[in-house]
Amino acid sequence: MEYVNSCLMLSLSLWTGVDLSAVFKDEDLKDTGIERDSHITVFFSPDKVIPREGMLEKIKTILGDDNNFLENFKTQDRLKVMDYFEIGKFENESDYLVLKLQPGNDLYNTLGILNTGLTSSYDIKSTFKNYTPHMTLAELEPGKAKNYKFSSTLGLILESAEFSVDDLVLSHGDGEGNYKHFQITSENAVSRYFRQKELERDKEYFENLEE
């Protein structure tokens, strides 16, 4: 398999208390549907395979000794979602309901530094004019995201929701939906693996209820 692109992601754990399948109508979901693999993209290289070797050292150099971003993976503190994010949307061939990271907090600032430093270091030509760090909640049919952006049900769920930062993960893609993942850090790789398995079981459970 030939890989043609790369994506560096900050993997997250998202605790909502209530499964998001209670919010979205099945007929409004498209392709990926509800995003169970919560993450924020640090950079996307559409036409270049970025090697994983040496990347962690580059990240440490870019961040400098005074930034404790990587140390947060070890503590995995739970943070209030709405203290850091706001509900937003992107509209294209699909709609995406997202949580946009709000400017002014340490996480936003650090991800901006990493995006700028790594895209420059690896000479990545981004297809986006500006970097907008965000966590996708769901992929939707065109025109449907606006129905959920101001949903009182979703708002109540997110008011009590929490998240934590897990690890940095690099993926190589073939442009046809196939990916290979590499752990750049691995502080929470095992525990996150089992959380993802639990989320997959929850997804199957709710899907079976609807049949």
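Ring pairs join Tyr-84, Phe-85 and Phe-163 into a cluster. Rings of Phe, Tyr and Trp (its six-membered ring) pair if their centres lie within 6.5 Å; planes under 30 degrees apart are stacked, over 60 edge-to-face, the rest tilted. The model is predicted: local features need pLDDT of at least 70, side-chain atom pairs count only at pLDDT 80 or more, and totals for chains, interfaces and linings use all residues. Residues are numbered from 1 along each chain as its sequence is written, and side-chain values use heavy atoms, with hydrogens and water left out.

The structure holds five aromatic pairs. The rings of Phe-85 and Phe-163 have centres 5.2 Å apart and planes at 80 degrees, so this pair is edge-to-face. Phe-85 lies in strand S5 and Phe-163 in strand S8, 78 residues apart. Strands (E, at least two residues) and helices (H or I, at least four) are DSSP runs, numbered from the N terminus. Phe-85 is buried at 1% relative accessibility; Phe-163 is buried at 0%. Buried means under 20% relative accessible area, exposed over 50%, partly exposed in between (1.4 Å probe, protein chains only).

Strand S8 (residues 162–173) also contains Asp-166. Asp-166 is buried, with a relative accessible area of 0%.

Helix H6 (residues 152–160) has Leu-154, Ile-157 and Leu-158 as its buried residues. Strand S5 (85–91) is among the elements covering the buried residues of H6.

Terms used:
Contact = heavy atoms within 4.5 Å.
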